[in-house]
Amino acid sequence: MNSPNLQGLRSIAADSQLTVNNYLENPSDRVARVKALRDAKNLVTELQDGDDAFFARIAQVYAAHALRFTMAIGAFEKIPRKGSITAATLAAEVGSEKTWISMSLREQLW
């Protein structure tokens, strides 16, 4: 593992802390929120090593495929706006397997 750039990390951490504090002072400010998100992502990226970054990208690809599958079978349209539905009932309504529905929807929660 390469040694981290500690000075760069300190700078990114300071930027992140500043923008998060700005957002906390005015949580209705969308620009402040977007800046805080950007800086938080930069901090995470700086902290990741090669393995972390690789597996994060794999997780993004998996999540995209799960979302595409869920949309393609029309599962979101079958979920009631009020109340609840079981994975088994949803699977039956869209013609899928309960396991696929459960895994696909669980991925959307992340």
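How many helices and how many strands does the protein have?

1. The model is a predicted one, and in it the protein has six helices and zero strands.

2. On overall shape, the radius of gyration of the protein is 20 Å, whereas a compact globule of 110 residues would have one near 13 Å. Taken along the principal axes, the C-alpha atoms fill a box of roughly 55 × 40 × 20 Å. Buried residues make up 15% of the 110 residues, and among contacts between residues at least 6 apart in sequence, 46% join residues at least 24 apart.

3. Helix 2 covers residues 30-47, and its length can be checked: at 1.5 Å a residue, its 18 residues should span 26 Å, and the end C-alpha atoms are 26 Å apart, which agrees. At the start of this helix, a side-chain oxygen of Asp-29 reaches to within 3.0 Å of the backbone nitrogen of Val-31.

4. Which residues of helix 2 are buried? They are Ala-32, Ala-36 and Asp-39; seen down the axis of helix 2, these buried residues fall within an arc of 70°, so they line one face of the helix. What covers them includes helix 1 (6-25), while the face of helix 2 turned away from its buried side carries the exposed residues Arg-30, Val-31 and Lys-41.

5. In helix 6 (residues 98-108), the buried residues are Ile-101, Ser-104 and Glu-107. Viewed down the axis of helix 6, they fall within an arc of 135°, so they too line one face of their helix. The cover over the buried residues of helix 6 includes helix 3 (50-72), helix 4 (75-78) and helix 5 (87-94).

6. The largest nonpolar core has five residues in all, namely Ala-75, Leu-90, Ala-91, Val-94 and Ile-101, and helix 5 gives the most to this core, with three residues. Ile-101, which is also one of the buried residues of helix 6, is in contact with Ile-73, Ala-75, Ala-87, Leu-90, Ala-91, Val-94 and Ser-96, leaving aside its neighbours within four places in sequence.

Methods. Residues are numbered from 1 along each chain as its sequence is written. This is a predicted model: local features need pLDDT of at least 70, side-chain atom pairs count only at pLDDT 80 or more; totals for chains, interfaces and linings use all residues. Side-chain values use heavy atoms; hydrogens and water are left out. Buried means under 20% relative accessible area, exposed over 50%, partly exposed in between (1.4 Å probe, protein chains only). Helices (H or I, at least four residues) and strands (E, at least two) are DSSP runs, numbered from the N terminus. The arc is that of the directions from the helix axis to the C-beta atoms. Contact means heavy atoms within 4.5 Å. The expected span of a helix is 1.5 Å times one less than its number of residues. A polar contact is a pair of N or O atoms within 3.5 Å; within protein, one must be able to donate a hydrogen and the other to accept it, and residues adjacent in sequence count only if both atoms are side-chain atoms. A nonpolar core is a set of buried Ala, Val, Leu, Ile, Met, Phe, Trp, Tyr and Cys residues joined through side-chain atoms within 4.5 Å. The radius of gyration is taken over C-alpha atoms; the globule rule is 2.2 Å times the number of residues to the power 0.38.
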